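I opened my notebook to record what I looked up. Here is the structure I worked from.

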Amino acid sequence: MKLREIKEILNAEVIVGEDKLDIEVKTAFGADLMSDVLAFAKAGSMLLTGLTNTQVVRIANVLDIAAIILVRGKKPPAEAIALAKDVHIPILTTKYILFETAGRLFAKGIVGCLEKVEAGSERI
Amino acid sequence: MRKASSAVWKKLKPEVNASENILVKNSFDVDGGNFDTAGTVSTRIKSILKEQGLPSDVVRRSAIVSYEAEINVVSYAKRGVINLTVTPAAVEIAVNDEGPGIPDIEKAMQQGYSTASQQIREMGFGAGMGLYNIKSYSDRFDISSEVDKGTFLKMIILIQKP
């Protein structure tokens, strides 16, 4: 699915990456705990989160995350926006809560970047 | 040598022997308490490993352990140094910090145990997952610490599986 369709489904506002709405995404990971994002989010996935600091963008960059979707109507600080522009990671913000955001995307065919955490999940 | 309250979780064999071809050797300083730049060293390490053309799994795991270790230095220590060594066989990330040290390493290794400040938690860290993640994502992991001196971590990610 194109990021443009994600934007429509979530009635989201594009904060960074208006020129990147044609990228393809299939999977997502959602968490506010950055250690879990590091541990489980996979390259090419979207990151759904309510955290907005520069760490989120830096981690997204390290993990090759395709796009950051901020939930609960969060707006990132200027430093996070500047960093996202630098590293070319789109940021969208939606007013939906994390549960609704995930549910709406799942209903349209986006799946988790992993289904369950089991022993050895970190090696996938 | 920092020996007091030391625990070796996975016994280390010398991974990088002198005769081996060293592809990358780099040293990075980390400022304790500087949350603005936290993670930038790990971002560079990831780029370096990617440029080396290493398998994506190796790059990813190296970036994760390095990131968690860097966050720990920024969160707790005065300063630290991250040393990156790459050979055809393995990526080695060694982190040495000057800081409060860890009084009880066994406890610190447990999932969910944390002494993090509110500031660290607001960033999305400090949930007691750092050292646990570092251990799970490295093939070999060594930690030792001395209270009021600092902490030493060594993580090895194998490129060629034995």
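**Where two helices meet**

I started with a contact between chains: R58(A), N61(A) and V62(A) in α3(A) meet S42(B), T43(B) and K46(B) in α1(B). I note that this is a predicted model. Next I sorted the contact of α3(A) with α1(B) by class. I found 1 nonpolar, 3 polar and 2 charged residues.

How do I describe such a pair? Two packed helices are described by the angle between their axes and the distance between the axes. I looked up both.

**The wider contact**

How many residues of chain B are in contact with chain A? I got 18 residues of chain B, in contact with 15 residues of chain A. I asked which helices of chain B supply them. α1, α2 and α5 (130–137) of chain B each give at least two residues to the side that touches chain A. By class, that side of chain B has 9 nonpolar, 7 polar and 2 charged residues.

**Helix α2 of chain B**

Is α2(B) mostly covered or mostly open? I found α2(B) mostly covered, with 18 of its 21 residues buried.

Last, I went through the backbone angles. Most residues other than glycine have a negative phi.

- N11(A) is not a glycine, yet its phi is near 50°. I placed N11(A) in the loop between α1 (3–9) and β1 (13–16) of chain A. I counted 10 other C-beta atoms within 10 Å of N11(A), so this residue is exposed.
- D148(B) is not a glycine either, and its phi is positive, about 70°. I placed D148(B) in the loop between β5 (140–146) and β6 (150–158) of chain B. With 9 other C-beta atoms within 10 Å, D148(B) is therefore exposed.

The cut-off I used for exposed is 12 or fewer such atoms.

Conventions:
Residues are numbered from 1 along each chain as its sequence is written. Chains are lettered from A and ligands numbered from 1 in the order in which they are written. This is a predicted model: local features need pLDDT of at least 70, side-chain atom pairs count only at pLDDT 80 or more; totals for chains, interfaces and linings use all residues. Two residues are in contact if their C-beta atoms, placed from the backbone, lie within 7 Å. Helices (H or I, at least four residues) and strands (E, at least two) are DSSP runs, numbered from the N terminus. Ala, Val, Leu, Ile, Met, Phe, Trp, Tyr, Cys and Pro count as nonpolar, Asp, Glu, Lys and Arg as charged, and the others, Gly among them, as polar. A residue is buried if 20 or more other C-beta atoms lie within 10 Å of its own, exposed if 12 or fewer, and partly exposed in between; C-beta atoms are placed from the backbone.
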